[in-house]
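Please open the model in your viewer and show the side chains.

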Amino acid sequence: EILFLGVILLVISLCLSLWFRAPGLPQSHEYFSHAVRTALYAEHFRNGDVFPIWFSSDGLGLGSPLALFYHKTFYYVAGVLYAVSGAVKFALVIAVAVFMLIGAYGMRAATRLITGNAVLMIVSASALLLSQYAFTDWLIRAAMAEFSAMMLIPWLLWWCLLLARHGRFSIAIVPI
C-alpha cells in the first residue's frame, strides 16, 4: 500500500512539475479559461451559491449559462480550493493531483480484480497517468472536465469487472 502510494505520488509530482517550469499557467487553445472557470466557481461558493447555473460576469459582462452546461466535477474541487487558498495555480495543481490520485486508485482496483500482482497494479496506474490522452487533456487542452471524467473511467471499469467476474452488483455505481 505504501509502495503504491509512494510511486503514484512520484509520478503525479513528475507530471505536475511541468506546470512549475515557468511562471503562470500553461496556455491552451482556450487561453486561460480553466483558471477563469475556477475563479467563477470560487466566487459563487464564497457568495453561498453551491450550485451555480449562470455566470453573471462571463460573456463580455452579459453573462452565460456556462455553469449549467459544462461538467462540474473538476470545478467544484478546484473552486473550493481556490476559495480557501486564494491562489488559482495552487487550486488547479492540487485539483489535477486529486483526480490523478482518484484515477490511479481506480486503475489499481480494476487491475486487482484481474490479477493480484502488485507490480502490474503500479504499472497500470502509472500508465493511465502518463498516457498521451491524459496529458493532452490537462496540459495541452486544459480540458479539465474531460480529464476529471477520464479519471473516473477506471472506477467504472472496476465496477463492470466486479459485476462480470464475481456477479456482485455494487451500489458504488451511484457516485461513479
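Select alanine 142 to begin. In this predicted model, alanine 142 is buried, with a relative accessible area of 2%. Alanine 142 sits in the loop between H7 and H8. Its phi angle is near 55 degrees, a positive value in a residue other than glycine.

Histidine 34 belongs to helix H2 and is buried, with a relative accessible area of 1%.

**The nonpolar cores**

Which residues touch the most other members of the largest nonpolar core? Select Phe74, Val96, Met100 and Trp138, which hold that place among the 39 residues of this core. Two or more residues each are given to this core by helix H1 (2-16), helix H2 (33-46), helix H4 (73-85), helix H5 (88-114), helix H6 (118-130), helix H7 (132-140) and helix H8 (144-150). The largest share, eight residues, comes from H5.

Now centre the view on valine 96. Residues up to four places away in sequence not being counted, valine 96 touches Leu16, Trp19, Phe74, Trp138, Met144 and Phe147.

**Salt bridges**

How many salt bridges does the model contain? The count comes to three, and each may be selected in turn.

Select glutamate 1 and arginine 108. These two form a salt bridge in which the closest N and O atoms are 3.0 Å apart. Glutamate 1 lies in the segment before H1 and arginine 108 in helix H5, so the pair ties together parts that are 107 residues apart in sequence. Glutamate 1 is exposed, at 57% relative accessibility, whereas arginine 108 counts as buried, at 10%.

Select arginine 46 and glutamate 43. The closest N and O atoms of this salt bridge are 3.3 Å apart. Because arginine 46 and glutamate 43 are three residues apart in helix H2, about one helical turn separates them. Arginine 46 is partly exposed, with a relative accessible area of 42%, and glutamate 43 is also partly exposed, at 38% relative accessibility.

Select arginine 141 and aspartate 137. Their side chains meet in a salt bridge, with an N to O distance of 2.9 Å. Arginine 141 counts as partly exposed, at 28% relative accessibility, while aspartate 137 counts as buried, at 0%.

**A nonpolar patch on the surface**

Turn to the surface and select Val50, Phe51, Ile53, Trp54, Leu68 and Phe69. Together these residues form a nonpolar patch with about 670 Å² of accessible area. Is valine 50 buried or exposed? Valine 50 counts as exposed, at 59% relative accessibility. Valine 50 is located in the loop between H2 and helix H3 (66-69).

**Cysteines**

How many disulfides does the structure hold? The structure holds zero disulfides. A disulfide would be a covalent bond between the sulfur atoms of two cysteines. Select cysteine 15, which counts as buried at 2% relative accessibility. Then select cysteine 160, which counts as partly exposed at 38% relative accessibility.

**Two distances to display**

Draw a C-alpha to C-alpha distance between glutamine 27 and isoleucine 140. These residues are 113 residues apart in sequence and 7.8 Å apart in space. Glutamine 27 occupies the loop between H1 and H2 and is partly exposed, with a relative accessible area of 49%.

Finally, draw the C-alpha to C-alpha distance between serine 13 and threonine 111. Here the separation is 98 residues in sequence and 23 Å in space. Serine 13 is placed in helix H1 and is partly exposed, with a relative accessible area of 45%.

Terms used
Residues are numbered from 1 along each chain as its sequence is written. This is a predicted model: local features need pLDDT of at least 70, side-chain atom pairs count only at pLDDT 80 or more; totals for chains, interfaces and linings use all residues. Side-chain values use heavy atoms; hydrogens and water are left out. A nonpolar core is a set of buried Ala, Val, Leu, Ile, Met, Phe, Trp, Tyr and Cys residues joined through side-chain atoms within 4.5 Å. Buried means under 20% relative accessible area, exposed over 50%, partly exposed in between (1.4 Å probe, protein chains only). Helices (H or I, at least four residues) and strands (E, at least two) are DSSP runs, numbered from the N terminus. Contact means heavy atoms within 4.5 Å. A disulfide is a pair of cysteine sulfur atoms within 2.5 Å. Patches are made of residues with over 30% relative accessible area and no salt bridge: like charges are joined within 9 Å, nonpolar side chains (Val, Leu, Ile, Met, Phe, Trp, Tyr) within 5 Å. Accessible areas come from the Shrake-Rupley method with a 1.4 Å probe; for residues, only the protein chains shown count as cover. A salt bridge is a side-chain nitrogen of Lys or Arg within 4 Å of a carboxyl oxygen of Asp or Glu.
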